[in-house]
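Please examine the model below, first as a whole and then at a single residue. The paragraphs that follow proceed in that order.

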Amino acid sequence: MSKEKILVTGATGQIGSELTLKLRKKYGNDNVVAAGHKRKPSEKLLESGPFVYLDVTDKEAIEKVVKEYEIDTIYHLAAVLSAIGEEKPQLAWHVNINGLYNVLEVTREHGVQRVFWPSSIAVFGPEAPRVNTPQNTVLIPRTVYGVTKVAGELLCNYYFTKFGVDVRSVRYPGIISSETLPGGGTTDYAVEIFYEAIKHRRYVCFVREDTVLPMMYMPDCLKAALDLMEADADKITCRTSYNVSAMSFSAGELVAEIKKYIPGFTCEFKPDFRQKIADSWPMSIDDSAARRDWGWKPAYDLAAMTRDMIEKLTRKLAEGNA
Ligand code: AKB
């Protein structure tokens, strides 16, 4: 395991920036190549190991990095998220579909051993049951982001069955974290609210108070990726993407939880175009297949996540690091 040479695309993004550091800790700094594109990399990312600029829509550029660093595992995180996707649907299709296709092709052609690719709760649309949404159900998303995730899941499954490419995936809910801000998603309010509550004691939330969505704290998000990637291949019965769940809460419940630490905090609710996206997604997820196959178990609920976020962000903002 310690000989793995890993490439992380989207390494400057919300998940990538923390996943890269975790992988460097586990597999050695020089063995994990961080690849970013538009966002500026943090000093931590630049100083702790190799960094390359990489456009995942350029197959030859991916090939070059894979050959140069003798990559055998790819965490392909580069993507356009749901809200930006609705503003730039062509870009979302190009980056999400062609980026994944290029990664899978390079994997097949150059003997990369394993790929992790995140799907999302955005694969579901209003026809799917919104409570305890099953692993296998109707997938008719209404966002282009969701469409790219459904197509991506099918492509991953195809590359596994046709070519034996060992590609593994989970359907992430909204991810909450204190290190790097998310960029352009519908669930971003659940992160922004913490910054604004600590800095200004007020927030204007872009979804209704009663909007319930599944969410996950970053330590569980990273654990899901690593646990799945370390699982024995014969345990993995799902090659599209696994449902994974941690907590579900309404925007109003999140406000009430934050108020326990910041009593003067006020939140106004002004839904915008993202409300429609949120209303088409599940409220809670059935992740029994992931629990059964590779022992998935999250550690953080709403109370534990809020306590940790407030503590970490208060410290970070006081030090002037956010
Ligand atoms: C988004 O809101 O677009 C993402 C997601 C749920 O995949 N956070």
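How many helices and how many strands make up the secondary structure of the protein? In this predicted model, there are 12 helices and 14 strands.

The overall dimensions come next. The C-alpha trace spans about 55 × 45 × 40 Å along its principal axes. Of the contacts in the protein with a separation of 6 or more, 79% are accounted for by residues 24 or more positions apart.

The division between interior and surface can then be considered. Of the 322 residues, 57% are buried. The protein exposes about 13,800 Å², and 51% of that area is supplied by carbon and sulfur atoms.

Pro263 lies in the loop that runs between helix H9 (251-259) and strand E14 (266-269). Is Pro263 buried or exposed? Its relative accessibility is 68%, and because a residue over 50% is classed as exposed, Pro263 counts as exposed. Pro263 can also be related to Glu105: the two residues are 158 residues apart in sequence, and in space their C-alpha atoms are 53 Å apart.

Notes: Residues are numbered from 1 along each chain as its sequence is written. This is a predicted model: local features need pLDDT of at least 70, side-chain atom pairs count only at pLDDT 80 or more; totals for chains, interfaces and linings use all residues. Side-chain values use heavy atoms; hydrogens and water are left out. Helices (H or I, at least four residues) and strands (E, at least two) are DSSP runs, numbered from the N terminus. Buried means under 20% relative accessible area, exposed over 50%, partly exposed in between (1.4 Å probe, protein chains only). Contact means heavy atoms within 4.5 Å. Accessible areas come from the Shrake-Rupley method with a 1.4 Å probe; for residues, only the protein chains shown count as cover.
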